[in-house]
Amino acid sequence: MENQTAVTEFILLGFTDVRWLQVLLFVLLFIPYVSTIAGNILIISITLVNRCLQTHMYFFLRNFLLLEIGFTSASIPKVLFNVASGCQSISVAGCFAKCLFYLTVGTAEFCLLVAKSFNRYVAIYKPLHFTSVMTSHFCNWLVLASWLIGFGYVLIPLVLLFWLPFCGPNIIYHFFCDSAALLKLACTDTWLLGLLSFLLATGSLLGTFAVTVFSYFKIISMVMRIPSMAERLKAFSTCASHITMVSLAYGSCIFLYVKPIRSSRLDLSKNVAVLNSIVSPLLNPFVCSLRNKQVKEALREALRWIMRNMELPYTVTTTVKWEEQVEKALCRSEEDGILRMVEMIRYIPHQELVKISNESRVTEFILKGFPLSHQMEIFLFVLFLMFYLVTLSGNLVIITITLADYRLQTPMYFFLWNFSFMEILFTSVTVPKLLSGLLFGSRIISFTSCMVQSFFYFFLAVTEFILLAIMSFDRYVAICNPLRYTVIMNSHICSVLVFGAWTGAFLYVLGPLSAVAKVLYCGPNVVNHFFCDITPLVKLSCKDTHVLESAIFIMASVLILSSLVVTAVSYMYIISTVLRTPMAQGRQKAFSTCTSHITVVSIVYSTHIYMHVRPIESSSLELNKVVALLTSVVTPSLNPFIYTLRNEQVKEALKEAVAQNKVFLFYKNFIPNAVALNQR
């Protein structure tokens, strides 16, 4: 008996032992997990705050999204911890708790999907009895029953499972404590328990699925008898998001559990379980918002309220009046009333809030962005959001590695982490507003916010060029004057150079952008761009801006071309010095320290020269938008990969940091030290 109870912990095998693949897996799981938590919490908050969403349908939706948060949190945080720390063990008690919570929440989800289907059935098939049948008390009991059924349904088979003797290998071929993988580790015959688990899984999945299908069969038969096509579409629109959720949930779970355990392939089950644990919960917030007009309008209203509170209060009384009218209109049941008020939401606040002073000054602008279809805007939102998250995470990794690894405490990497920090700020100036416009249609920006955005965009762009020139000079000294490198590029000089880059850029753009802000804008206020760029702003002025345009063109040309000359001369000397090196290995080593910087320089200068080193009146705004999109979204996301894939030192430091958990130790020591220093 002692030999049969020897196993006290299990080892979760996970996906791979290759460290760089584990780092990639960590990023690919962490970003969707954070997005899942944020998206579901956002929808829950919107349905709680907005009065028009205080209905039974959204009550069930809130509880379902809460279950989704619990479902994905039952497995993904442990996977992330295992990948980051390298510790793959889990105690038997911890394994039982995770398995119990995972299956309880999963079963409760299917019960809640049935409750949502029944709610839609009553609302459409028996609308006159809806308020008497679906009372708040009854809805609360349905949700509570879903939790209790989920817990009671899986408790007995899991208790029987963990009573089994585990005396052999303790390696679970999965990324979490899956019941099918655990059954294969038992030292006794598990045929009967496997059959019981198969029957219970089949009964819960196919039983709830049959009820859902029956409800929608009745709904469809009822809707098809409606004579008006508009009323049919309206009825189907209330069910579209729920049908999508049902398809996502049942598709993967039926594959995982509705088959005998002995015939299941664990490697394929792991891949499907990843989709079930992270992809489906990630998609549900988008399904709820994109396929539901009421949720979309509530999200837009919440964003407008936030933006109004962030801007200067123009006229409080008229704002309150329109808020009341909007809220009343959105709560109407008539479709034509909603459509009329949607039009009023788009235009009337613009007429109320765009106040023209005695000098006819425009107080806000409308960013035209990319006039595309709504489906294309959603696609671009997802695409740009992924680029933005990759930019933030990638540059943060570069900053952390260069600060944590002692081998990277050199001037070259000092300039690199400053450049990565600047890239984070640069992309954050424009991309969040772009994402907001694509998702919610919020393209209004106040005059003050527009000028602040324009100032920081060009301030950080100028800092980028100066830093690139400094980094080129650093490589010149390191290769052409290696014996004097430590004397010339000491820590004091490097700090002064970086401080000079930020200060010089601030002073360089302060004058022309102050002049742009003082220009009179009294005509159209639609900026043909996705952010407040100088070129479309100047074209909106009511007065002659020829002198200002010439000054901006000259200053941009001088800055870009002068920094490019410094970079080109530095690399001309570098190449001539390297070519005189007798050993081919020495040449390759010298060039390897410059390849990543040369790549970044080529990308940055080519795009900015096209945009800014030509007169404003000859520039194409539509083409400028595309090129600006590359510099603001795509290029910052590529730089971390360029500096890691083309730099052996950074790659080695990254592998060692992940293997030895240096990144977490760095933050563990850095945060208390920073707090103690602040208290002093």
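**Entry 1: L434**

I looked up L434 and found that L434 is buried, with a relative accessible area of 5%; buried means under 20% relative accessible area, exposed over 50% and partly exposed in between, with a 1.4 Å probe and protein chains only. I note that this is a predicted model, in which local features need pLDDT of at least 70 and side-chain atom pairs count only at pLDDT 80 or more, while totals for chains, interfaces and linings use all residues. Residues are numbered from 1 along each chain as its sequence is written, and side-chain values use heavy atoms, with hydrogens and water left out.

I located L434 in helix α15; helices are DSSP runs of H or I with at least four residues, strands are runs of E with at least two, and both are numbered from the N terminus. Not counting residues up to four places away in sequence, L434 touches F370, F384, F530, L629 and V633, where contact means heavy atoms within 4.5 Å.

**Entry 2: the nonpolar cores**

I then asked which residues touch the most other members of the largest nonpolar core. They are F365, F384, F419, L434, Y521 and L537, out of 77 residues. Such a core is a set of buried Ala, Val, Leu, Ile, Met, Phe, Trp, Tyr and Cys residues joined through side-chain atoms within 4.5 Å. Helix α16 (residues 447–480) gives the most to this core, with 17 residues.

For F384, leaving aside neighbours within four places in sequence, I found contacts with L434, L435, L438, L629 and V633. Apart from this core lies another, of 71 residues, including L65, L100, L158 and V295.

**Entry 3: α15 and α16**

I examined how helix α15 (residues 411–440) packs with α16: the angle is about 160° and the axes are 10 Å apart. Axes are lines fitted to C-alpha atoms, for helices over the stretch in contact, and angles run from 0 to 180 degrees between N-to-C directions. The two helices are therefore roughly antiparallel to each other; angles over 145 degrees count as roughly antiparallel, under 35 as roughly parallel, 65 to 115 as roughly perpendicular and the rest as oblique.

I sorted the residues of the contact of α15 with α16 by class and recorded 17 nonpolar, four polar and five charged. Asp, Glu, Lys and Arg count as charged, Ala, Val, Leu, Ile, Met, Phe, Trp, Tyr, Cys and Pro as nonpolar, and the others, Gly among them, as polar.
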